[in-house]
Amino acid sequence: MNPWRESLQQSRCPADSRTVRHHSHSRVVVQTPLDLYAIALLLNYERASTEPRFRHAKLIDIATTSDSESSSRVGPVREIVRSQQWVSRTGPKDGFVFEKLSSAPRDEPDLPANMLPSPIPDGLKSLTPKNLETIFWQARGHDGCYKSVTLLQHFFDLYPPDMPLRVRTSAGADYLTSASTRVILELKLLKPKLMTIAHVVGSRTYITGAADTMMHAVAGFAESQDGNVATILDLASLQFGDAGRGVGGRSTFALESLDAFYDRVETIAVWADTDNARTSARIGPCSDDAWLKQVARRAKARWDTRDTHAWCGHCGGPGAELKKCSLCREEAYCNGAHQAAAWPYHKRFCAGRKK
Ligand SMILES: [Zn+2]
Ligand SMILES: [Zn+2]
């Protein structure tokens, strides 16, 4: 039996879902559906670029699996490679040292592209843009799944309960449903395969994947009010490094079928307790709510002005310089690398592509 069915039915609020239809007696309201992939891009961009724990933090050093307690590392990274968690970890591990720049322009968004200080420290010169993107999300991913699920909740709270929602995945699923079909799934992961220690100089150290078990939270969506969950949105999947990239191995979040999600969690942990996944309609208040509500409102404002203010189909970044897909002239991208990264998804839906 699918454990989702029961809680989906319990979590529905018939009174809520009737509300909008009552209103429509007097006035027919035609709502343009929200596009879940676009919403995910906007929410992730607005969240990560303003994440308070890493606000204006530049990457100044990294440690990799081969760095040991006895290595000659100096400076703050030495604290990481000598920590008990690092020393006792035998499997893959990453250490990141960030330093908060007080001189950064106050409103400048934090992005993978501006994460390195100037001049670039010697040990970091060989990092590729994709490496930087992974590190950016991996560090911010600490507790990121709960933050992103809460953020999604705040976002949908800005709309009527049965707001129409279009769900499209890179595996080709394409259906129209309602925001009210969503649930929150919490899953226990046993022995995460990658440990991340992110240290912010003068502030705190965030450790992900060191404990034997950890909970992972994602959002699920059903094709209809009475259906089972068909699609999972995992906005913080990159907390597990590149294994968390979406279908095609390129996107910075995963929007995929329930089966594909279950397959993927088994690549990021030794075992995932899929039989006892906990589902809930809402989760609740969290200490970051004030910030996350701002993020949700910013994402909504960007969605509402989508006709005049495009965003990159890979990173969600805004910009006047975005380049349109030459086939459909609809999707836009920062550059060729971001277009290539989004292609496994966009090729399914590009209106200009010969089928
Ligand atoms: Zn981009
Ligand atoms: Zn296109």
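Modeller: Before we look at two helices, note that axes are lines fitted to C-alpha atoms, for helices over the stretch in contact, and that angles run from 0 to 180 degrees between N-to-C directions. This is a predicted model, in which local features need pLDDT of at least 70 and side-chain atom pairs count only at pLDDT 80 or more, while totals for chains, interfaces and linings use all residues. Residues are numbered from 1 along each chain as its sequence is written, and chains are lettered from A and ligands numbered from 1 in the order in which they are written.

Colleague: Why are helix 3 and helix 7 called oblique to each other?

Modeller: The axes of helix 3 (residues 36–48) and helix 7 (residues 144–156) come within 11 Å and cross at roughly 120 degrees. Angles under 35 degrees count as roughly parallel, over 145 as roughly antiparallel, 65 to 115 as roughly perpendicular and the rest as oblique, and therefore this pair is oblique. Helices here are DSSP runs of H or I with at least four residues, strands are runs of E with at least two, and both are numbered from the N terminus.

Colleague: Which residues make the contact between helix 3 and helix 7?

Modeller: Helix 3 contributes Ile39, Leu43 and Arg47, and helix 7 contributes Lys147, Ser148, Leu151, Leu152 and Phe155, where contact requires C-beta atoms, placed from the backbone, to lie within 7 Å.

Colleague: What makes helix 3 oblique to helix 9?

Modeller: The axes of helix 3 and helix 9 (residues 289–304) come within 9 Å and cross at roughly 135 degrees, which makes helix 3 oblique to helix 9. On the helix 3 side, the contact is made by Ile39, Leu42, Leu43, Glu46 and Arg47, and on the helix 9 side by Val295, Arg298, Ala299, Arg302 and Trp303.

Colleague: How do you know that strand 7 is mostly covered?

Modeller: Five of the six residues of strand 7 (residues 195–200) are buried, a term that asks for 20 or more other C-beta atoms within 10 Å of a residue's own, with 12 or fewer counting as exposed and numbers in between as partly exposed.

Colleague: How do you know that strand 7 and strand 8 pair?

Modeller: Pairing needs at least two bridges found by DSSP, and strand 7 and strand 8 (residues 205–208) have four, in the antiparallel sense. Ala198 stands opposite Tyr206 in strand 8, and the two strands form a hairpin with four residues between them, where Gly202 in the turn has a positive phi of about 80 degrees. Strand 7 also pairs with strand 3 (residues 93–100), in the parallel sense over six bridges, and Lys93 stands opposite Met195 in strand 7.

Methods. Two residues are in contact if their C-beta atoms, placed from the backbone, lie within 7 Å.
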